[in-house]
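Here is a guided walk through one protein model. Keep the sequence and the coordinates side by side as you read.

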Amino acid sequence: MLKYSKGMMIVPEFWDILDEQRQPMNKLHKRGTPLKKGEFHLVVDIVVINTDGRVLIDRRSPKKRNCPNYWEFTSGSVLAGEQSREGALRELSEELGIKVDPDSLTLLGSTKLDHRLVDTYMLIMSVDTDALCLQEDEVAEARLVSLQQLDEICRTGR
């Protein structure tokens, strides 16, 4: 079923289903429906580090169903047919308007969380928060913070 929002058609999002070893199960999964035991989908997190050492965080839109208004690093699900790095580049572009060369992303590591296989990337670049183009339905605001400020946000939940 297709939904409409502010005159735009919202197309359902599909993911490739992987097993625990990241092997394709040759099945597609529609976002919003539960995954079965042994099924996983790929997610990316991108830690953007400004050239002065501060990190870029964004606050999730209050419209988000999960964790509205939470501060996070840019992240999202990898779409069907995409590879991890492609998904990371797409999320940066869609959510923040950041377009970079694929080689500028460094894979820091991968982990398994529930039904998600999460790849975490690092991007070091000069960030001008005033020049970011935030995707309204995803991101409410973005800011650069020091590691000390990030620790305080994590500790206090603010």
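Is D137 buried, partly exposed or exposed? D137 has a relative accessibility of 41%, so D137 counts as partly exposed. Bear in mind that the model is predicted.

D137 has a charged partner. Its side chain meets that of K63 in a salt bridge, at 3.6 Å from N to O.

Side chains of opposite charge can pair when their charged atoms come close. By the rule used here, a nitrogen of Lys or Arg within 4 Å of a carboxyl oxygen of Asp or Glu, the count reaches 16 salt bridges. Some of these share partners: E82, R90, E91 and E94 are joined into one network.

Now turn to E72 and R60. Their side chains form a salt bridge too, with 3.3 Å between N and O. E72 belongs to strand β7 (residues 71-72) and R60 to strand β6 (residues 55-60), so the pair ties together parts that are twelve residues apart in sequence. Both E72 and R60 are buried.

R54 and D52 give another pair. Their closest N and O atoms are 2.8 Å apart, and the two residues form a salt bridge. Here R54 is partly exposed, with a relative accessible area of 33%. D52 is partly exposed as well, at 46%.

Next comes strand β8, residues 74-77. In a regular strand the side chains alternate between the two faces of the sheet. Which residues of β8 lie on each side? T74 and G76 are on one side, S75 and S77 on the other. All four are buried, so both faces of the strand are covered, given that buried means under 20% relative accessible area. Strand β5 (residues 41-50) runs antiparallel to β8, and four bridges join the two. Within this pairing, I46 stands opposite T74.

Finally, look at the cysteines. How many disulfides does the structure hold? The structure holds zero. C154 shows the spacing: the nearest cysteine sulfur, that of C67, is 13 Å away. A disulfide needs two sulfur atoms within 2.5 Å, so C154 is in none. C154 is also exposed, with a relative accessible area of 59%. C133 counts as exposed too, because its relative accessibility is 53% and the cut-off is over 50%.

Terms used
Residues numbered from 1 in each chain as written. Predicted model: local features only at pLDDT ≥ 70, side-chain atom pairs only at ≥ 80, totals over all residues. Heavy atoms only, no water. Buried < 20%, exposed > 50% of the residue type's maximum accessible area, 1.4 Å probe, protein only. Pairing = 2+ DSSP bridges.
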